[in-house]
Amino acid sequence: MAVGVNKKVSAASARAHTRKANQNGSFQLPPGVLKKLLVLSFVGILAWAYQAIQAPPPKIPGTPGGPPITAPRIKLRDGRNLAYKEEGVPKESAKYKIVSVHGFDSCRHDSIATLMSPELVKELGLHVVSFDRPGYGESDPNPKRTVKSMATDIEELADQLGLGSKFYVVGYSMGGEVIWSVLKYIPHRLFGAALISPVANYWWTGFPANLFKEAYNEQLLNDQWAVGVAHYLPWLTYWWNTQKWFPSSSAISHNPDVFSTRDKELVMEPNWQSRNAYAAYVRQQEEFESLHRDMIFGFGTWEFSPLELENPFPNNEGSVHLWHGDDDHLVPVSLERYIAHQLPWIRYHELPGEGHLIPYAVGNADTIIKELLTGKK
């Protein structure tokens, strides 16, 4: 009976508590419930944030759900596949063999060979090999990518395609930045190299603090943020460039404000417009393992600084050329000038009035290649 009485008293107390709460116009949660709700909300926010920064898995070519394989590919020592393209005269009869390294948001079809005149290719006897860098087009992604791995990928490509003990390398934009790793790790495989509008990493050791600040601030504000995230918070790179609250990288969003006056003229020309035919192909594996990985690689902490490189051709058995426009809005020319000053063995060519798209101007690719191979413009 006592138990029954206590239950009735408790129920009555609860009803009274409810009536009192209703009378006061508010309801108080039982002790401990509010704390649990706050903890659950915090956990929910963390789970949402974790999901937001996770990039979707890449759509690897030749796998279920991935794009079909249409290009010839080699298998690298680590098991990855690298798609490539050969152009020019047959390599058996070629006088010069060149490996072309494409830039950001591009692919093997953006080879220097497509920008040269057929007459020059035939006259000089050029055989040009281009390839999809990891994560682009039909080349497998490389989540373990390092500065050195890009050089070894190129070396393996050259060996498997039988380009010989030595060859030339030409890189544009982000592909130009890759050439520094080739000069560092496999200089013994080179006859010569050309870097065209090469991306410069603001955090390479050797840049004076005032130059770093001046060049960094020349970027559009959204690019300052995007590059800074790639360097300081690489795990946020995917989220930053896919969220809608803040503007992302100009190169990824195709923001025309990043182009110089000359570049805006060139994007209307056939050399640039032809890229539209394979724009979807470039990003078909999703953006993280191509574009975002490129940013993390390009602006991350490098294993060495190009400003500290020794001359790869101390006996003048080869040459390294750096071409840059003095009105490049993507890569400040002040950085390239400083690099050229610190590395006197670099043959520096600064083009007045030119922006970032140097090789897309008719005739420039011919000039660059002739200078590299023959020393004549």
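**Notes on the salt bridges**

1. Let's start with arginine 189, which pairs with aspartate 159 in a salt bridge, the closest N and O atoms being 2.7 Å apart. (A salt bridge here is a side-chain nitrogen of Lys or Arg within 4 Å of a carboxyl oxygen of Asp or Glu.) Arginine 189 sits in the loop between α5 (174–185) and β6 (190–196) and aspartate 159 in helix α4, so the pair ties together parts that are 30 residues apart in sequence. Helices (H or I, at least four residues) and strands (E, at least two) are DSSP runs, numbered from the N terminus.

2. A word on the model: it is predicted, so local features need pLDDT of at least 70 and side-chain atom pairs pLDDT 80 or more, while totals for chains, interfaces and linings use all residues. Residues are numbered from 1 along each chain as its sequence is written, and side-chain values use heavy atoms, leaving out hydrogens and water.

3. Is arginine 189 buried or exposed? Arginine 189 is buried, at 9% relative accessibility, while aspartate 159 is partly exposed at 45%. (Buried means under 20% relative accessible area, exposed over 50%, partly exposed in between, with a 1.4 Å probe and protein chains only.)

4. Next, arginine 108 and aspartate 132 meet in a salt bridge at 3.2 Å, N to O. Arginine 108 is in the loop between β3 (96–101) and α3 (118–124), and aspartate 132 in the loop between β4 (126–131) and α4 (147–160), so this pair links parts 24 residues apart in sequence. Both residues, arginine 108 and aspartate 132, are buried.

5. For the whole structure, the search turns up 19 salt bridges.
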